[in-house]
Amino acid sequence: MRRTLRILLAEYKIAVLATFQYRVQMGLELLGLLFEGVVYLVVWTTIARARGGEVSGYTVGEFAAYFIAWTFVRNITTGWSLSWMEERIRRGEFNALLTRPIHPYFTDMGRMLGHKTTSGITLIPTMLLMALAFPPEVTVVPWALVAVVPALALAFLLRYTALYVTALAGFWTTRIGPVFELWFLTEFFLSGRVAPLAVLPIWAQQLASALPFRWMFSFPLELLLGRLSPLQAGQGFLMQAVWLAVAALLMRAIWRSAVRQYGAVGG
Amino acid sequence: MELAIEVKELSKTYRVSERSAGLVAALKGLVRRQKKDVRAVRSINFQVEPGEVVGFLGPNGAGKTTTLKMLSGLLYPTGGEARVLGHLPHKRENDYLRQITLVTGQRNQLVWDIPAIDSYELFKAVYDLEPQAFKRTMDEFVELLELQELIKKPVRNLSLGERMKVEIAGALMHRPRVLFLDEPTLGLDVTMQRRIRRFFTEYNQREGATVLLTSHYMADVVALCKRVIVIHHGRILFDGDLSALVQKFTTHKRLQVKPEDLTADLSSYGEVVAKDSGSVSLRVPREQVPRVTARLLAEVPIIDLSVEDPPIEDVIETVFAGGDDEADA
Amino acid sequence: MHVLRVGWTYLRLSALNELQYRANLVVQFFTSILALANGVAGLALVFLHTESLQGWGPMELLVVVGVYTLIGGLIRAFIQPNMWRIMDGVQEGTLDYTLTKPADSQLLVSVTEFQLWKLVDVLLGTGVLVFAVLKLGGTIGVAQAGLFALVLLCGGLILYSLWLAVATASFWVVRIWSLFEMFESMYQAGRWPVGIYPEWLRLALTFIVPVAFAVTAPAEALTARLTPQTLVLALAVAAGSLTASRLFWKVGLRHYSGASA
């Protein structure tokens, strides 16, 4: 266990150094991320203004706050995709990872966190600019700000594991791509990415809470904005833990067969 | 008869940014970049008659590829002038481009996912080839290179050697008058190399095309070229017949000796370069060869003895070594 | 004309080749439908809370989604693959082959690849916008369709010029992929009419990533919102950007060939 952590840390450090070289490229990629948020922000604040200043409990300023924080949480929870895994296999890098005495899951995690650290730092001035252009209304809830840290960590782990499992499934067939596009489409709406979940019809909100999507994204975001009571926060953590356990079990179940499949197909 | 290629005082100089290691240098580099001039080709002169096959020899970075690129119109010369078929290559006139072709080993120009025969269709359109002539050429090449099955498969499904064959056929589909071949057999196995060399020789003989070839492999040059130009550090060190090259730069000769007694120590006669079951290779300065041969025959019981030129690679190395001394002139 | 023949040959061969891979059609269809569903669901969500978005009603916004999908299909079928190829060609040195061919290099690099199945988006997009226009109670007259096509063409040409300019930049700055990706993300803004964005953003979306011309303007043409000023501007910018990008391409080539620029 300690060895795993040590290696994770080592991969992390290297990733930070490596990605620092590419901060310009990274900046450009982040602009893309930012843009998506800005688009939704504008759409919903336009609606709010037309509706007299508020939609589903979000004022214009609160929408702004939502989407600025959205950028932050998105940076933490974005993962690599199925196509990235395929690309890696094609380039033969996956072979190298498999022969190391550590599970690629952790190697990749270290690298990913390193990448996110650099992009997170690059993101801060962007978020400030966003705030200048779209003044946010912020409610500061001290205990929530503390609770956000584990919530973000769990959200990251949950989404990372879920994405990893889906990437592994790609070993069996590339036809699985469309199936996961369906997953992503659902996630798009039910995770709070397109709009705050409060804006969705009730049935959709309930579905979002029952499925893991809310816990991967919206939950830490809602916490950050101070919109949850301590009880709701507690329930949220529970849901995150449950889904993480599910994802982890799936991961373990699939891993062996995935590697065997990978070897069978000839890598 | 008009010259195919005429090169006068041709030069190419690159400006490169220099960056030394270290944080201080990197920071300095942000403000002011240190530039250095690299003289890749220095005022070279040569002429090629139509139908000649000329080999360019030189180590990496000697200026061979740069010269070829200038002649095919890909690079602008920094100084001097080059004329190919009466045109100035860097102008890239369509009339000029229709008559030349460039073949680079390991870099493909055929479209990857479609069969070669489709790419040939594209060439037909691009080069505006007359359908009958095009068909004739294609049939001829397919036969010469045994491409019947290969041209119907997507290029990515072919092996390296097969790919090179279809590439070369495609590159010549428009029957160019001048061929620029840059390491065309790079990475291929010996059989395939021979196959391709034979094809170029055929083409040169049938069409009277002028061929400029650069290669690492002496075998390419020996098989295809009578004339070689040796380039090193951007300068021409030798321009003439391959045999003359060997003559001029051979300081030593090889004596292949088959002594009766295999354990005999022959080191007093010359430098023992190789020793294997049955024969010994001695390296002897040229002027001493008659005397050493006479001594050997008199003093040592010998089954067989022959005097040979050193391997061409050695000769070339000597030429380069000589060039090194002139490098910074 | 030689140029047309060359272009047509490339197109024909790419298409014929793609036709073999019918499975790709199915996958593309599925992906396109999902993307469309995404767009429509987004609209549905918005109209749960309002009746119009800055004067644009649900069917009118559906027209925007249709145009967005259509143009997206055209870009991914014709423009994007070729521009990526230019970047690769510069990096790998295979661009040299293109430059030794007796045909205009800009033409050659622009037509090499054609992704046939991406045209599914063109079909779907057209279907959606026809549906939406009919629902608006209008009929699609010849004049209106012609205007739409003209504005769409301008938008397409402007986008092509932009992409070409970015690809040309790879002559100087080799690692330019991120710039491409940034533009792609900015393009998402085209799902909504540019009128809703604050002034500064609208300007960016008009002149930097010309979403306004590519998506909003054609949509305006179909919903009777197109002003003469916009039309003239679209035509002017199209002509201007084509000229500018070609000039830039030539400059790029000179740099690549080491001509003292």
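Q: How many residues does the contact between chain C and chain A take from chain A?
A: In this predicted model, the contact draws on both chains, with 28 residues coming from chain C.

Q: Which helix supplies the largest share of the side of chain C that touches chain A?
A: Two helices of chain C, α2 (22-46) and α8 (177-187), each supply at least two residues of the side that touches chain A. By class, this side of chain C has 16 nonpolar, nine polar and three charged residues. The largest share, ten residues, comes from α2(C).

Q: Which helix gives the largest share of the side of chain C that touches chain B?
A: The contact of chain C with chain B takes 20 residues from chain C and 22 residues from chain B. On the side of chain C, the elements that give two or more residues are α1 (2-19) and α4 (95-99). By class, that side has eight nonpolar, eight polar and four charged residues. Its largest share, seven residues, comes from α1(C).

Q: Are α4(B) and α1(C) roughly parallel or roughly antiparallel?
A: Helix α4 (residues 116-126) of chain B packs with α1(C) so that their axes lie 9 Å apart, at an angle of about 170°. Angles over 145 degrees count as roughly antiparallel. The arrangement of α4(B) relative to α1(C) is therefore roughly antiparallel.

Q: What is the radius of gyration of chain C?
A: Chain C has eleven helices and zero strands, and its C-alpha trace spans about 60 × 45 × 35 Å along its principal axes. For 261 residues the globule rule gives 18 Å, and the value for chain C is close to this, so chain C is as compact as a globular protein of that length. The radius of gyration of chain C is 19 Å.

Q: Among contacts in chain C between residues at least 6 apart in sequence, what percentage join residues at least 24 apart?
A: Of the 261 residues of chain C, 45% count as buried. Among the contacts in chain C between residues at least 6 apart in sequence, the part that joins residues at least 24 apart is 79%.

Q: How many strands does chain B have?
A: The C-alpha trace of chain B spans about 75 × 60 × 50 Å along its principal axes, and buried residues make up 41% of its 329 residues. Among contacts in chain B between residues at least 6 apart in sequence, 72% join residues at least 24 apart. Its secondary structure consists of eleven helices together with strands, the number of strands being 13.

Q: Is α6(B) largely enclosed by the rest of the structure or largely exposed?
A: The buried residues of α6(B) are E162(B), R163(B), M164(B), K165(B), V166(B), E167(B), I168(B), A169(B), G170(B) and A171(B). They pack against β5 (100-104), α4, α5 and α7 (190-207) of chain B. Because ten of the twelve residues of α6(B) are buried, this helix is largely enclosed by the rest of the structure.

Q: How far apart are the end C-alpha atoms of α6(B)?
A: At 1.5 Å a residue, the twelve residues of α6(B) should span 16 Å. The distance between its end C-alpha atoms agrees with this expectation, at 16 Å.

Q: Is R92(B) buried or partly exposed?
A: R92(B) is found in the loop between β4 (79-84) and α3 (94-97) of chain B, and its phi is near 55°, a positive value in a residue other than glycine. Most residues other than glycine have a negative phi. Because R92(B) has 19 C-beta neighbours inside 10 Å, whereas a buried residue needs 20 or more, R92(B) counts as partly exposed.

Q: Is E146(B) buried or exposed?
A: E146(B) lies in the loop between α5 (131-145) and α6 (160-171) of chain B, and has a positive phi of about 55° although it is not a glycine. With 12 other C-beta atoms within 10 Å, E146(B) is exposed.

Note on methods:
Residues numbered from 1 in each chain as written. Chains lettered and ligands numbered in written order. Predicted model: local features only at pLDDT ≥ 70, side-chain atom pairs only at ≥ 80, totals over all residues. Helix = DSSP H or I, 4+ residues; strand = E, 2+ residues; numbered from the N terminus. Contact = placed C-beta atoms within 7 Å. Nonpolar A, V, L, I, M, F, W, Y, C, P; charged D, E, K, R; others polar. Axes fitted to C-alpha atoms, helices over the stretch in contact; angles between N-to-C directions. Parallel < 35°, antiparallel > 145°, perpendicular 65-115°, else oblique. Rg over C-alpha atoms; globule rule 2.2 N^0.38 Å. Expected span 1.5 Å × (residues − 1).
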